[in-house]
Amino acid sequence: MINIVFLGPPGAGKGTQSAKLVEEYGIVQISTGDILRKAVKSGSELGKLAKKYMDEGKLVPDDVIIGIVKARLQQDDCKNGFILDGFPRTIPQAEALDNMLKNELNIELTHIISLNVPDELIMERLTGRRSCSKCGAAYHIKYNPPKKEGICDACGGELVQRDDDKEETINKRLKVYHEQTEQLQEYYKDSGKFFEIDGVGEQEIIFERIKEIVK
Ligand SMILES: [Zn+2]
């Protein structure tokens, strides 16, 4: 089994690399945000519990998230392994995850991969994103610009920047990310399973770097 925790700032390209890992190794990508939403929608006991906290504007407690992750990992498609994305974020979560995997599922993490991309590049990638206010088509002012500035090639609609992609928001997210990741690195460092990958370069080359350590 290949059981990966994937760390990396927003915009580092984890989604792209996860998709390649899924295809190459027949493992499953698990985003905790997604499975949390699904659990809530399904109305399962844990989903109902999670919803209660979310409705009150509170963070869903670690043991509830762990329960939802555990249920997901017990599904058939996880038999070759998984990539966890977005969890754990804190040391207590990392400890709870290790305990659950070891004591309840009798498996363990095989790789903790940190995809490293400099903040300046993240900023450029994310603040440059634009989308069409009419048809939703995606652009990037540097990497995929429209023919006419601010106007959608497909429908002539106005291109807009999401609030999530504004510099101030990204700065905040990067700050939080670095604080959390430093702690996690500290936690995983001595496990012998912690790997840092240079996330700058062509997607295929970055994937080769990842395969070197996963194979
Ligand atoms: Zn458009």
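Is Cys132 buried or exposed?

1. Cys132 is buried, because its relative accessible area is 5%, where buried means under 20% relative accessible area, exposed over 50%, and partly exposed in between (1.4 Å probe, protein chains only). Cys78 also counts as buried, at 2% relative accessibility. The structure holds 0 disulfides, a disulfide being a pair of cysteine sulfur atoms within 2.5 Å.

2. On the basis of the values: this is a predicted model, in which local features need pLDDT of at least 70, side-chain atom pairs count only at pLDDT 80 or more, and totals for chains, interfaces and linings use all residues. Residues are numbered from 1 along each chain as its sequence is written, and side-chain values use heavy atoms, with hydrogens and water left out.

3. An unreviewed UniProt entry lists Thr32, Arg37, Lys58, Leu59, Val60, Gly86, Phe87, Pro88, Arg89, Gln93, Arg162 and Arg173 under "binding site". These residues are spread over 142 residues of sequence and also in space, with up to 30.3 Å between C-alpha atoms. Among them, Thr32, Gly86, Phe87, Pro88, Arg89 and Arg173 belong to the lining of the largest pocket. UniProt positions are in the numbering used here, feature names are shortened, and annotations may be inferred rather than shown by experiment.

4. On the pocket term: on a 1 Å grid over the protein atoms alone, a pocket is an open set of points with protein on both sides within 12 Å along at least five of seven lines, and lining residues have an atom within 4 Å of a point.

5. Pro88 sits in the loop between β3 (81-85) and α5 (91-105); helices (H or I, at least four residues) and strands (E, at least two) are DSSP runs, numbered from the N terminus. Pro88 counts as buried, at 3% relative accessibility. Setting aside neighbours within four places in sequence, Pro88 is in contact (heavy atoms within 4.5 Å) with Val5, Leu7, Gln93, Ala94, Leu97, Leu184 and Tyr188.

6. Gln93 belongs to helix α5 and counts as buried, at 10% relative accessibility. Neighbours within four places in sequence aside, the contacts of Gln93 are Asp62, Ile66, Phe87 and Pro88.

7. The unreviewed UniProt entry also places "binding site" at Gly11, Ala12, Gly13, Lys14, Gly15, Thr16, Arg129 and Gly201. Of these, the lining of the largest pocket includes Gly11, Ala12, Gly13, Lys14 and Gly15. Gly15 is in helix α1 (residues 14-25). Gly201 lies in the loop between β8 (194-198) and α8 (203-214) and counts as partly exposed, at 45% relative accessibility.

Note on methods
1 Å grid on protein atoms, 1.4 Å probe; cavity = no way out; pocket = protein on both sides within 12 Å on 5 of 7 lines; lining within 4 Å.
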